[in-house]
Amino acid sequence: MNPHSAQLRAPSPQLNALSAQLRAPSPQLNLHSAQLRAPSPQLNVLSAQLRAPSPQLNLHSAQLRPPSPQLNLHSAQLRPPAPQLNPHSAQLQDWPLGSLARKRWWVWYSRRMRCGSLLRAVRLKRPLGFALLWLLVLEVTLRLTLPADPRTVRDPAHPYGCFADQTLTELVAARADGTAAVDVVLMGDSVLASVENPAGSKLAELLPPALTERLLAQSAPGAKALPPQVRVWTVAAGGAHAADVLAALTRLQHSLASAQSPRSRLVVVASSNVIFFSKRHRVPAMTYPCLAGWLPPDPSLHRQLGLPPPSTGLWSTTEPFLQKHLTRHVYLLQQRRHLAERWLGGPPREALREGFVSGVRGLLQRLKGQRPQPSTAEDPDRPWSARGYTQAQFAASYDVVPLDSPEATNFQLTQRLAQQAGQLKGQIPTLVLISPQNQAMLGALLQTPSYQQLTSALQSTFAAHSVPLLQLDRDPAFLSSMFLDQDHLTRAGNQLLAARLAEALLPLVLAPLSERDAAD
Amino acid sequence: MQLTSLTFLAFVLLLLPVHGLLPSRGRPLLLLLASLLFYAGAVPLHALLIVAMALTMYVGGCALHRQQSRALYVALILLCVGVLGYFKYWRLVCSMLDFTATGLGWQALHAATQHLQVEDVRIPLGISFFTFEFVHYLTDIRLQRLTSDLPNPAGTAPGPGRPSLRGARDFLLFTLFFPTLLAGPIKRFQSFGRSFTPTGEDLAAGLARVLLGLGKKVLLADSLASMALRLAQPDQTTPHGLWLAMYAYAGQIYLDFSGYSDVAIGLSRCLGYRIPENFNWPYSATSLPEFWRRWHISLSSWIRDYLFIPLGGSRQSPARVAFNLLLVMAACGLWHGAAGHFVVWGLWHGLGLGACRLWRRFRPAPTAPSRLLRVWYGLLTFHFVCFGWVLFAAPSLQAALQAIARMFSRAH
């Protein structure tokens, strides 16, 4: 133990006497202060005494270390009074928000922490250690309360998800359990995802009965085996261009490589919407840049799509390595998605954006004197004519980029998609759908040479790679009343689309089943 | 390596303890090696390029210091600007030539530009920043602002003089200093030389600044980015949406860039270097000149010192000053990106600065404007800058003009 500290703890009569002198109004102090105000030779004597090594002073400083009353008496007069600073105030002055912090929450926090808690010592002595301690506490809490998240472990670069990866995770898990089933993956834009339709009217819900019905009709009369269960998985999201579908198809192929299921078959419906070939929807050429890692590492392709060039060099390998291992072992990284889903209902940035946009919208409505009205009261299945839409609003969506132009990015990516689908047809049979379009809105645009050139080019592209194509953009069976707008379908429209898809998928579904039966 | 990546975090966490344990004379070498690794880890070939250029500039600077040769100065400036031009502007120049040749029907020029067109040139990281630092170094030597009695980065030996290994190391460190390599600030050799031994307070304050910068970038700027994306698709966005996107982009670009600057300044402080501040609440400016004194300060002061003043500064006729402002701001726009809309953004600010200058000439500013007047001036300045951001953020000039037209339309 330090002998000085022992001395300090023990009540020292000398100290008490000196401090009592200090507390009491001292005529000696007044004398000195009066002397200090005027230039005084006595002050000089005193300060000279202070500078010189004084045995008396040394005695006091050895015994008392910090407060030597005699020393303080003079030094207090010689120095301006020092404010009692927070130990962090020097650091705070360097903070860009230091002044604000000093004034408000930091002062409140500091006062709260002056209650002599254990953490106070940590905070005062080691601020970085204090921060690390909190992180450690949070890590332990997360480990104790939340299960592991396979989604972020599988794709640590996108901890909040990327292009319907939740469905992909479920598909991989379902195929791993070995149930006999036909898995249909809907891969494309909002038409396939049925984002505008309420539950019960979505294509993913209408397709299984339609396909099951056709499988039953195809099975031989009196056959013992029932057709396998049909499961439909929607790996689709609004605005997905050909580049997104191409990358998503590659991702699906890689994901299924680890989940081979010999008892179930899988077919993919990849959609292509003609509006994405237009000048209006040319940009962005890839709506989901989080999928860029699944594109071929071709710098010219990345530049064409407006993406940063694929990374090369040492850091391009260290970053995925660190992401993979840290996300696997550190829950602070792994559980971001769980926490965001629990607290915000989804990815934080989207939640923030939605909240902000709806707040601004509400504010604008209030400023206009309107009351914000929820749109849920309206029938979501109303056709476009009941929504006040006009043909002119969507006409620019069919202003096709010339196919030989370097700006025809979606067409060039569609050609790559056809090539990819052609190469994968042995493993993942793919049907390409040109989604239905509202004939009443298309009108004369159907007859324009650029539109006809586009549709015939699409036919020849997919035919060249022996990829089946279901072209419904000019199918007259899709009545105008079956559309919510230019291309999104009502429930009736989705029912018809499901029927058409079931018919087109049947040969793809039956072919591998027949082969398997033959092998058995 | 991005400043927000895990690799960068690991890199810094490994570097800081080693830096702290080394004696002060060994630290510049450690930082140089770390900076070289930082750069070479991305594209090794580009690291060779930047090292070769830095050594050339250093040796050339030493020769310039001894001889004061105008020809040597011009040759060195042309070399560094030429390298920047090749990597960053060659495609733009070729496409402009091709456009002209096609328009005028000059087949020979058209064929030549097709032949000269280079595809897939990857721009070296931070080339715009270190080119400007080279120009500053050479010009200051030429103007004898960088004399041999100034300390060099190690603080031990004189600045440019006879070429030496220590001098080369210090100049390489100045060029390659990794915290400022990707997004600035643009350093000055004189101030970079005053390194110090970081204390615990420096470390704490530096790390706090790094955290502040990361917070600005990751939490705020990246969140605003998704809203600002709508500026790229004006015909698919409502006018209200475009206004919102414009404000979001104004926030995003400020928070993004100042966040990177905070990380660079904080990290430099942890390593014992003072880096100039880059932002000072720019959106609180009450005039456009004041905005440029608060926004990207290291760039605007570089442009003032090495472009505007050499062109004559403010001591010319009003018409000449206005022309010079347009010229330097167009160059500033071109520095930000090799595309027409960046140049138009620069011209927009050049016009604004010229207009402010003329306005002040005929109507001097009140000595103590009222608070209301200051708010009004602030709003005007902010919106002028915001419309500039529409030009900056849009993928093309056509899209930018379309966005601005749509913002004032009544269409939905």
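Tutor: The discussion below takes these topics in order.

Tutor: This is a predicted model, in which local features need pLDDT of at least 70, side-chain atom pairs count only at pLDDT 80 or more, and totals for chains, interfaces and linings use all residues. Residues are numbered from 1 along each chain as its sequence is written, with chains lettered from A and ligands numbered from 1 in the order in which they are written.

Student: How is the packing of two helices described?

Tutor: Two packed helices are described by the angle between their axes and the distance between the axes. In chain B, the axes of α3 (residues 44-67) and α7 (residues 165-176) come within 9 Å and cross at roughly 125°. α3(B) is therefore oblique to α7(B) (under 35 degrees is roughly parallel, over 145 roughly antiparallel, 65 to 115 roughly perpendicular, the rest oblique).

Student: Which residues of α3(B) make the contact with α7(B)?

Tutor: They are B:Ile50, B:Val51, B:Ala54, B:Leu55 and B:Tyr58; residues are in contact if their C-beta atoms, placed from the backbone, lie within 7 Å.

Student: How many residues of chain A are in contact with chain B?

Tutor: 28 residues of chain A are in contact with 29 residues of chain B. On the chain A side, α18(A) gives the most, with six residues.

Definitions and conventions:
Axes fitted to C-alpha atoms, helices over the stretch in contact; angles between N-to-C directions. Helix = DSSP H or I, 4+ residues; strand = E, 2+ residues; numbered from the N terminus. Contact = placed C-beta atoms within 7 Å.
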